[in-house]
Amino acid sequence: MSDRTADATRAVEPEPARTRPDVHVAREAASGDAPRISPPPDPDRPAVFDLRNISVYYDAVPAVRDMTFPVFQREITALIGPSGCGKSTLIRCLNRMNDLIPAARVEGEVIYHGQNLYDPEIDPVEVRKRIGMVFQKPNPFPKSIYDNVAFGPRVIGMKGDMDEIVERAIRGAALWDEVKDRLKTNAYGMSGGQQQRLCIARALATEPDVILMDEPCSALDPISTARIEDLMLELKSTYSIVIVTHNMQQAARVSDMTAFFTVELDEGEKHRTGRVVEYAPTDKIFTNPADKRTEDYVTGKVG
Amino acid sequence: MSTVDAPIGRGPQSDRVKGTLFRLALLSSLALGLITLIALLADVVISGAARLNGDLLTNFPSGIPENAGAQSAIFGTIWVIGLTGLMCIPVGVGAAIYLEEYADRERWWNRAIELNIQNLAAVPSIVYGILGLAFLVRGAFGLGQVVLAGAMTLALLVLPIVIIASREAIRAVPPSIREGSMALGATKWQTIRRQVLPGAIPGIATGSILALSRAIGEAAPLVLLGALTFITFNPEGLDSAFTVLPIQIFNWISRPQEEFQTLAAAAIVVLLVILLTMNAAAILLRNRYQRKW
């Protein structure tokens, strides 16, 4: 078992280019077996999201199909899998960012504190006020550091002393000491890692309940990555975090639960659809996966 | 035989000759344009030098060439172009925001509007003059030959240009900024108002100035409206009769006396200075505020 763990931590990031090997694996397994969802319901471990049969279509083409699993409160949930398996598509369902893509259509339910986020009564803008998001590439606004952080609280009309709100958020993102003397300077003057922490601060400023991170470290160097990972571990005492990552070591280091996705090809081999293969505590995924495909992926045999 | 051992030569002579010839051809096209422009400018300045003085700016038109000046034309231009800007910039930016941020390109009518705006930008200005004459001066609006009618006609003329330039500026704001804003719980309008528009304003300003500088040089549509009259007073309001620089120039050039020709050349220099100033302002704005995302 220890061999396998070692393999997992050595595993390279999967590159988008490869198609055949994992496609083959996916087709083999596509023959009907249900995903392995291991945690049984536990009243002491409340879920923040309950995904029920979530499928996302771009036009008529399914991008992810039939995803059903809970995401637990104040834990870090990692979504891993090869490129094109729908990890980003799925995470964007959780704050209704897919609504911004005209061709996207979501089926199924995301239950968030007892409410279905896809209920017609629900305003996506209200959803996003509570569920923050950090993107793959740092995307600060072309404004001062201060205004970047204050933007969210201002647009949602938060009450209170703005200076305090801003300071609390920047401290929360472990960035205060680096920027406290230059809050009024343009955010574009910061390093990539600082910009990404600014984006985290910006998300924290509106005091959300959940933070979604879509490959937050893929554009960063290892030192900046390590800082963000430390930050995530700190933040999980207050927030529920969902992270998409291409980096399996990262998933292994920070997450409590891991969902492994794979790609399936349809009959004509035209459309690639993401499915969940296995969802389990992270150490189980990396040391004792129940599914052969998970094992092959985390040990670096495919991908 | 191993090619690696052979020394690397200079390559075929013909390749170098072709390269040099091509470069010379490109250089001469550039020179042709520049020389023509400089020759024209020099000619105008030399012809008009005798009348390039304060009188030109302060005197009103007159039948006596020595007393004639372009004050009413300069003020007419300021009035008409100011109003044109006031009308076409808000409408143009609004249309651009709709097309970029709201219009669903799947719908045929939105595509039809887009196509038509492209076409409208290429419609000859005289056609707008006919439109202005038929609907604004006479016809439905019946405004008469006044400042407002002239400005409305020119606003219609340059509106497509403002729309196209504004759309480009709005499109240049990267989607990641919109996503970042929406993900913080901003509404679509808040995102446009507080992120997209501020990011697009340098481009919109540049495009609008260039559009207005086109309007300033237009004579044809205003001639059709009937602005080609002898005006010896500055406009006092929207319903004043008016003349503008290109029309005053046209008027003077068509006179037989040598003195009026000189006057026309001097007025052309004034018009060119205004145009170059506006274009320089546009370039400055662009260089200064252009964003690298």
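How many helices and strands are there in chain A? Chain A has 12 helices and 11 strands, where helices (H or I, at least four residues) and strands (E, at least two) are DSSP runs numbered from the N terminus. The structure is a predicted model, in which local features need pLDDT of at least 70 and side-chain atom pairs count only at pLDDT 80 or more, while totals for chains, interfaces and linings use all residues. Residues are numbered from 1 along each chain as its sequence is written, and chains are lettered from A and ligands numbered from 1 in the order in which they are written.

**Confidence**

- The predictor assigns the complex an ipTM of 0.82 and a pTM of 0.82.
- Chain A has a mean pLDDT of 86, with 87% of its residues at 70 or more; pLDDT is the predictor's confidence in each residue, from 0 to 100.
- For chain B the mean pLDDT is 90, and 98% of the residues reach 70 or more.
- Over residues 1-32 of chain A, pLDDT stays under 50, and the model has 47 contacts beyond four places in sequence for this stretch. Two residues are in contact if their C-beta atoms, placed from the backbone, lie within 7 Å.
- Where pLDDT is low, the predicted coordinates should not be read in detail.

- Of the 303 residues of chain A, 48% count as buried. A residue is buried if 20 or more other C-beta atoms lie within 10 Å of its own, exposed if 12 or fewer, and partly exposed in between, with C-beta atoms placed from the backbone.
- Among contacts in chain A between residues at least 6 apart in sequence, 74% link residues at least 24 apart.
- The contact between the chains takes 20 residues from chain A and 15 residues from chain B.
- On the side of chain A that touches chain B, at least two residues each come from α4 (124-130), β7 (131-134) and α5 (145-155) of chain A.
- That side of chain A comprises 11 nonpolar, 5 polar and 4 charged residues. Ala, Val, Leu, Ile, Met, Phe, Trp, Tyr, Cys and Pro count as nonpolar, Asp, Glu, Lys and Arg as charged, and the others, Gly among them, as polar.

**Helix α5 of chain A**

- Because 8 of its 11 residues are buried, α5(A) is largely enclosed by the rest of the structure.
- The buried residues of α5(A) are I145(A), N148(A), V149(A), A150(A), F151(A), G152(A), P153(A) and V155(A).
- These buried residues pack against α6 (162-172), α7 (176-179) and α8 (192-205) of chain A, together with α8 of chain B.
- After α5(A) comes G157(A), with a positive phi near 70 degrees.

- Most residues other than glycine have a negative phi.
- N53(A), which is not a glycine, has a positive phi of about 50 degrees. N53(A) is found in strand β2 (residues 47-58) of chain A and is exposed, with 11 other C-beta atoms within 10 Å.
- R74(A), also a residue other than glycine, has a positive phi near 50 degrees. R74(A) is found in the loop between β3 (61-72) and β4 (76-80) of chain A and counts as partly exposed, with 17 C-beta neighbours inside 10 Å.

**Helix pairs in chain B**

- The axes of α5 (residues 125-137) and α6 (residues 147-171) of chain B come within 9 Å and cross at roughly 140 degrees, which makes α5(B) oblique to α6(B). Axes are lines fitted to C-alpha atoms, for helices over the stretch in contact, and angles run from 0 to 180 degrees between N-to-C directions.
- Angles under 35 degrees count as roughly parallel, over 145 as roughly antiparallel, 65 to 115 as roughly perpendicular and the rest as oblique.
- The contact of α5(B) with α6(B) involves residues including Y128(B) and L131(B) of α5(B) and M152(B) and L156(B) of α6(B). By class, this contact has 8 nonpolar, 4 polar and no charged residues.
- The axes of α7 (residues 175-183) and α8 (residues 188-217) of chain B come within 10 Å and cross at roughly 155 degrees; α7(B) and α8(B) are therefore roughly antiparallel to each other.
- In the second pair, I177(B), R178(B), S181(B) and M182(B) of α7(B) meet T191(B), Q195(B), V196(B) and G199(B) of α8(B). The contact of α7(B) with α8(B) has 3 nonpolar, 4 polar and 1 charged residues.
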